[in-house]
Amino acid sequence: MTLASTYSPSRVTAVGRLTALRVPPVVALSLAIVALAIAWSLAPSLFTSYDPVNGVPAQKLLGPSAAHWFGTDHLGRDLYTRVVYGTASSVASALIAVVIGVVAGGLIGLLAGFFGGWVDTLFARLVDVLLAIPKLLLAVIVVTAIGFDTTNAAIATGVSAVALFARVMRSEVIKTRQATFVESSFLLGGSRWHILWRHVLPNASRSVLPLAVLQFGDSILVIASLAFLGYGDPPPASDWGLLISIGKDYLKWPWLVYAPAFVTIATVLSVNRISRWLRKTD
């Protein structure tokens, strides 16, 4: 038996796949940060023993230390604890926004790109109207109409992202519709709806995943901005944007702003880096 014979084709293929899936160090760090944020949102009590709502007035405005990693706020509450407990609201709201954008925008782009004609024209005008309004302004308009609440802020953010997903899905559907296997399905007698759901949708939706990940980070920023402006849940909620808004009134104690801002920036940058890696990965 030769040395070359010990390497079977299946083993070579497995090694090639592992090599292809090798994660760069920066992406691995980004995945770790996002995983930590998700863990904070799912089980915040495992990461801190302090109460996020009730503080100790005698310990107000303490600087970062071993006992209080991010310091304390003006009511003596541990700021790290409030950031951890605020993660659930920020992550869940961003997820709601992405789901709304993917479902509504994806459906609009799918129908417009596949059927064309007056359907494409109608949806194209709707998308043009949404794109004509700045994203944050559109979110403010929607949340003002339906009420000030973090969930409503998530819905407003999702509505502002519909046009983006619609345009990407439409372009992918038009490209896929012209593929040879789709034309073959038509020639074999396949119905429009069968071809749409069986062939066009699975192939056209591949580009939506990196965009959804990117939009997740962008939604965190938009929702934090709405909370900063007062369109989210009122205190004693601990949304990241609300913590920054409260901290700006205490400029002599900068950790009240730096801590939640740093967590927000680190999470958004990590999500963006993961999205870029997914776009480059086959």
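View 1. The buried residues of α5 are covered by elements including α4 (117–132), α6 (150–177) and α9 (208–228). The model is predicted: local features need pLDDT of at least 70, side-chain atom pairs count only at pLDDT 80 or more, and totals for chains, interfaces and linings use all residues. Residues are numbered from 1 along each chain as its sequence is written, and side-chain values use heavy atoms, with hydrogens and water left out. Helices are DSSP runs (H or I, at least four residues), numbered from the N terminus. Within α5, the buried residues are Leu138, Ala139, Val140, Val142 and Val143; buried denotes under 20% relative accessible area (1.4 Å probe, protein chains only).

**View 2. Length and end of α5.** Helix α5 (residues 135–146) has 12 residues, and at 1.5 Å a residue it should span 16 Å; the expected span is 1.5 Å times one less than the number of residues. The end C-alpha atoms of α5 are 17 Å apart, which agrees. Gly147 follows α5 and has a positive phi, near 120 degrees.

**View 3. Crossing of α5 and α9.** The axes of these two helices come within 11 Å and cross at roughly 55 degrees. Therefore α5 is oblique to α9. Axes are lines fitted to C-alpha atoms, for helices over the stretch in contact, with angles from 0 to 180 degrees between N-to-C directions; angles under 35 degrees count as roughly parallel, over 145 as roughly antiparallel, 65 to 115 as roughly perpendicular and the rest as oblique. The crossing of α5 past α9 is right-handed, that is, the near helix is turned clockwise from the far one by less than a right angle. Lys135, Leu136, Ala139 and Val140 of α5 make the contact with Asp218, Val222, Ser225 and Leu226 of α9, where contact means heavy atoms within 4.5 Å. By class, this contact of α5 with α9 has five nonpolar, one polar and two charged residues.

**View 4. Ala153 in helix α6.** Ala153 lies in α6 and counts as buried because its relative accessibility is 1%. Apart from neighbours within four places in sequence, Ala153 is in contact with Val143, Ile223, Leu226 and Tyr231. Ala153 and Ile96 are 57 residues apart in sequence, with a C-alpha to C-alpha separation of 9.8 Å.

**View 5. Crossing of α3 and α4.** The axes of helix α3 (residues 79–115) and α4 come within 7 Å and cross at roughly 140 degrees. Ile108, Leu111, Ala112 and Phe115 in α3 meet Gly117, Val119, Asp120, Phe123, Leu126 and Val127 in α4.

Technical notes:
Buried means under 20% relative accessible area, exposed over 50%, partly exposed in between (1.4 Å probe, protein chains only). Ala, Val, Leu, Ile, Met, Phe, Trp, Tyr, Cys and Pro count as nonpolar, Asp, Glu, Lys and Arg as charged, and the others, Gly among them, as polar.
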